[in-house]
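The reader is asked to keep the sequence and the coordinates at hand.

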Amino acid sequence: MRWLLVFLLASFSAAAGAEALPEWLRFAPNLAQPLEAAKAVEISEERVEALESEGHAFVEALRSSSMNFGVGGRLVERVTVARRLMTKEGVHAAGTLRASIRSDLTRVLVESAYVLAPDGRRTAFRPETIQIVQSPDPDVFSDVHDLAFPFSGLAPGSTVVLVLVKTVELEEWPLPWSQLHYPQRGAPVEQFRVDVSWAAGETPIALVANDPQMECRQPTPRSHQCRRSLVPALASDPEVDWLDVVPHVAIAQETRWKDLARREWELVTGAQDPSELVPTVRQIVDGARGERALRRLYRFVSDEIRYVAFAHGTSAVVPHPPGVTLERRFGDCKDKVALFVALARAAGFEAAPVLVATNRYELGELLLPSWTYFNHMVACVERGGRVCLEFTDPSLSFGSLPIGLEGAVSLDLAAEAPSPTTLPARAHGWSLEVKTENILRCDGGVDEKSTRRFARGGAALYRSALRSMSREARDAWLRENYQDVMGDRGSDLRVAVEGVSTPTKTLDIVSQASYAPFHPLEQQTEFYDYDFWLRDMGLSMRTQNQRQPLRSVGLRVASTGEFRLCGTRSFSFLGPELDFESRFGSLRRQYERVHSGLVKVRTVLEIPRQVVRPEDLSRYNRFIEQVVGQSNVVIGYDAAGAPQ
Amino acid sequence: MRVVTSPPTSSSDPFEERLPIGRFYLLCLATLGLWVPIWVRRRAQADGEGREDPARLWLWPIASLFTPLAMVLLFEFARSDREALRQHGSSAINPWGPALLHGAVLLLLLFAPEPTLWLPVWLLFPLPFVWVQHQRNRRIALAGEGDGPVGGRTRLQWATVACGLPLAAALAWWIDGDTLMVMASPAERVGALLTGAAGLYTVEAPRDGWRVVKSGTFGDDDSDIEIVAPSGDSWAVGYVVSGPDETLDSRVSVRRSAIRAEATLGNYKESRHFLPESDFIPMSLALYEQEALGVRRAYAVLTVELDEALIEIVGFTPAPGEQLGPLVELLESLRLSEGAAP
């Protein structure tokens with residue numbers, strides 16, 4: 001079925017491409033026209049052998065971007081990609097070249113597109129085979145199109161070449177133009193080139209690179225040039241904030257953060273007079289005052305305005321007017337922020353729109369003032385401290401940010417002297433409290449009741465996942481989740497969740513189960529137990545990274561266990577007090593004998609938010625494994641007085 | 001016919017004959033000090049000049065076995081000899097001398113920094129009595145205007161020495177052999193690094209005088225290191241064990257059960273943290289302070305979980321008040337040797 005669907009879609013697209021190309025896309029008549037810099041795509045056989053021996057299946061022979069900012073705000077950019085496919089695997093994996101285009105603002109000419117065979121023959125790309133795909137996200141509508149060029153007749157040793165000429169009318173763009181170029185990719189790049197020039201009288205272009213091996217210079221007063229050869233492939237790892245760790249070249253029309261923030265502030269707040277929204281505000285706050293009113297406004301925008309992005313053309317950076325969003329009852333992050341800021345101002349609160357770079361946490365990686373670093377927007381208010389509000393997840397409580405957003409790079413558009421800063425971040429992105437009551441029955445079995453309380457971002461993640469399930473699926477998931485951690489020995493298992501429907505700061509998962517005895521109580525003098533949930537959460541913080549730094553969001557698990565003995569037995573000794581401390585975190589435990597038949601065990605595992613350097617990754621994992629391995633609870637009890 | 005070749009002695013009492021002090025000393029050693037009451041009885045007989053004073057003949061020998069009374073006897077004998085020596089115009093010792101020497105010897109043994117051993121008691125105890133006998137010999141020599149006759153039981157005495165000395169030495173070895181071995185080991189200076197046989201770790205001597213002794217002295221024959229305090233009664237025994245079932249929890253539990261089998265756990269407390277200067281290697285320190293019938297003692301057990309092995313050092317002291325601190329210092333000074341850490 002899947003194959004049939006793919007076939008049908010491909011046929012449809014091919015037909016569409018052949019019969020009616022979009023008006024913003026054109027093909028040059030001779031697509032097999034060789035590159036001007038044909039020499040640049042040649043790679044010596046020794047080099048190819050070396051790359052193959054390193055395990056690479058293909059290599060980018062050339063990636064170049066040449067931009068010219070012409071008179072009247074017209075930007076012409078020539079993008080060249082030449083990819084050498086060295087092996088069969090390379091042909092399979094990388095035989096299709098792709099490009100992303102914002103079609104409302106850009107005209108594209110495919111100047112060259114061909115396959116250079118190993119024997120030197122050139123075969124032009126067949127325009128009718130181009131695939132034009134829009135975002136698959138059902139809630140995102142935009143003019144972004146992904147162009148795919150499936151070259152034909154490929155064999156090991158072939159080189160695919162694509163030259164696109166993109167023309168953008170900058171007059172329509174409301175912000176200073178900017179682009180970021182990343183020389184390092186999943187495959188090696190033999191030649192990386194960026195050229196920028198601008199016409200006299202146009203806004204000067206700034207260019208900054210943070211790649212120490214990039215050679216950049218300014219050949220003329222109105223041009224920049226950057227070159228780098230033999231760029232190695234990125235060392236892949238599963239948990240990496242790539243944008244922070246990969247060097248880049250930032251290009252932007254010269255501006256200041258202050259001017260950029262002011263311009264964006266105007267775009268967010270200038271569309272509507274807040275006083276027009278006063279009746280709506282009255283209706284929403286319903287007589288509430290102060291923070292209660294603010295919370296109601298937050299809940300309204302978060303819950304009643306569903307997430308749908310209409311981001312065509314300049315709407316990528318310009319929010320829709322609050323009235324429009326209010327009427328549609330949908331919007332994207334900036335639409336919601338613009339609406340909230342307007343509602344808050346109409347209610348007498350100061351609320352600041354704040355640009356956020358969701359994948360960036362290092363301020364030092366922002367090389368020059370540019371909006372392209374940011375891809376999200378939240379609002380922040382002063383409530384005895386800066387409280388930032390995220391509107392795209394109705395599972396979040398007031399003042400909680402998604403775990404991944406805490407500490408992200410941001411730009412407060414309402415600040416007196418705007419400059420990039422980071423969003424508030426708690427030391428522990430994940431926060432869990434576990435309370436467990438254990439009754440050690442006289443037959444040696446255990447009755448257990450535990451409550452897991454997730455807070456803030458963690459609670460929202462669980463809430464969001466559970467909300468999307470049916471009641472039956474939710475119950476099944478809760479049981480499965482319990483048994484994954486606790487095993488399936490328990491009987492009479494009951495698991496319930498509290499706090500799903502209401503986005504409070506916490507979410508509780510309560511479970512009860514009975515465990516059959518291994519031995520009768522009178523045959524034992526020591527009781528052992530795992531601190532299961534602490535163990536599970538702790539181990540989940542390990543990383544699989546081996547080469548790249550890890551940004552750990554932090555974890556705090558506070559576990560309190562009560563252990564009661566049946567009958568007249570009494571506890572004899574308490575287990576070890578734990579005080580494991582390291583720069584990666586700590587595990588502490590204390591035992592308290594409340595009376596002869598009741599012991600409380602308090603344990604706190606803390607792994608603070610941190611960046612773990614590549615050379616410390618294995619030590620970080622070892623720390624977690626060692627402390628979790630020492631988290632077993634042990635309590636001794638006397639046989640005396642045991643019921644016969 | 002009986003031929004008289006020398007003048008008769010002034011007294012028929014055999015104690016008026018000399019007893020060479022070397023032989024007296026050996027007799028004391030060979031009889032484990034039991035020669036002393038015999039000597040006292042004979043001396044009492046001689047001093048009584050034929051009078052049969054039951055108190056002197058029976059109580060004095062018994063009294064010689066008890067330190068304060070023995071000091072009185074030594075004083076009495078020395079005073080008696082001093083008078084006689086003065087009468088002969090010879091200088092004499094202060095009669096307090098032997099008594100004070102006796103007290104000093106005992107004090108030395110009680111408070112000496114080295115271990116209190118049976119051996120020094122055995123060797124030093126006869127000295128004050130030998131000294132008094134030396135005075136007696138001088139007195140007899142002056143009375144006879146020569147060295148004086150040697151006692152007539154020479155063969156019996158030498159036979160006693162010949163038989164008793166090896167027996168007494170064997171007994172001493174049997175009682176105190178381990179301690180003698182301890183004495184044979186060199187004493188360490190404070191801070192000296194001590195290494196076990198496996199070379200996995202070092203510990204620091206917490207005070208001057210701690211010694212490494214051979215395996216099996218206090219622990220099992222397969223122990224990795226055995227260390228004893230200067231007092232000889234506090235020690236630490238290290239083991240290195242490995243095996244699929246050996247974990248920190250299991251080892252601590254096994255040791256706890258073993259100590260619990262000897263007596264109650266008493267005041268038991270365990271704490272765990274990372275071994276300093278290690279790569280997140282967990283260690284446990286368990287303290288057991290026990291008290292029974294007014295007698296206190298303590299165990300301190302350090303257990304370290306390496307990836308491939310466990311190190312356990314069991315410390316014991318019968319004097320927790322003074323010795324537990326240094327013992328714990330010793331245990332907590334454990335550091336892994338280079339290459340032992342994962």
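**Domains, interface and strands**

In chain A, the domain assignment gives domain 1 (2–254), domain 2 (259–422) and domain 3 (430–637); such bounds come from an automatic or database domain assignment. The model is predicted, so that local features need pLDDT of at least 70 and side-chain atom pairs count only at pLDDT 80 or more, while totals for chains, interfaces and linings use all residues. Residues are numbered from 1 along each chain as its sequence is written, and chains are lettered from A and ligands numbered from 1 in the order in which they are written.

Taken over C-alpha atoms, the centres of domain 2 and domain 3 of chain A are separated by 37 Å. Between these domains, 12 residues of domain 2 of chain A are in contact with 15 residues of domain 3 of chain A, contact being defined by C-beta atoms, placed from the backbone, that lie within 7 Å.

The interface between the chains comes next. Here 17 residues of chain A are in contact with 13 residues of chain B. On the side of chain A, β32 (571–574), β33 (577–582) and α13 (617–629) each supply at least two residues; helices (H or I, at least four residues) and strands (E, at least two) are DSSP runs, numbered from the N terminus. The largest share, five residues, comes from β33(A). This strand also pairs with β6 (residues 267–274) of chain B, in the parallel sense over two bridges, where pairing requires that DSSP finds at least two bridges between the strands. Within that pairing, Glu577(A) has Ser271(B) in β6(B) as its bridge partner.

Chain B itself contains 10 helices and 10 strands. Its assignment comprises domain 1 (14–175) and domain 2 (185–336), whose C-alpha centres lie 46 Å apart.

Strand β5 (residues 235–241) of chain B is mostly covered, with six of its seven residues buried. A residue is buried if 20 or more other C-beta atoms lie within 10 Å of its own, with C-beta atoms placed from the backbone. β5(B) pairs in the antiparallel sense with β4 (residues 225–228) of chain B over four bridges, and Ile225(B) stands opposite Gly238(B) in β5(B). The two strands form a hairpin with six residues between them, and Gly232(B) in the turn has a positive phi of about 85 degrees. β5(B) also pairs with β9 (residues 310–317) of chain B, in the antiparallel sense over seven bridges; there Val241(B) stands opposite Leu310(B) in β9(B).

Notes: Two residues are in contact if their C-beta atoms, placed from the backbone, lie within 7 Å. A residue is buried if 20 or more other C-beta atoms lie within 10 Å of its own, exposed if 12 or fewer, and partly exposed in between; C-beta atoms are placed from the backbone.
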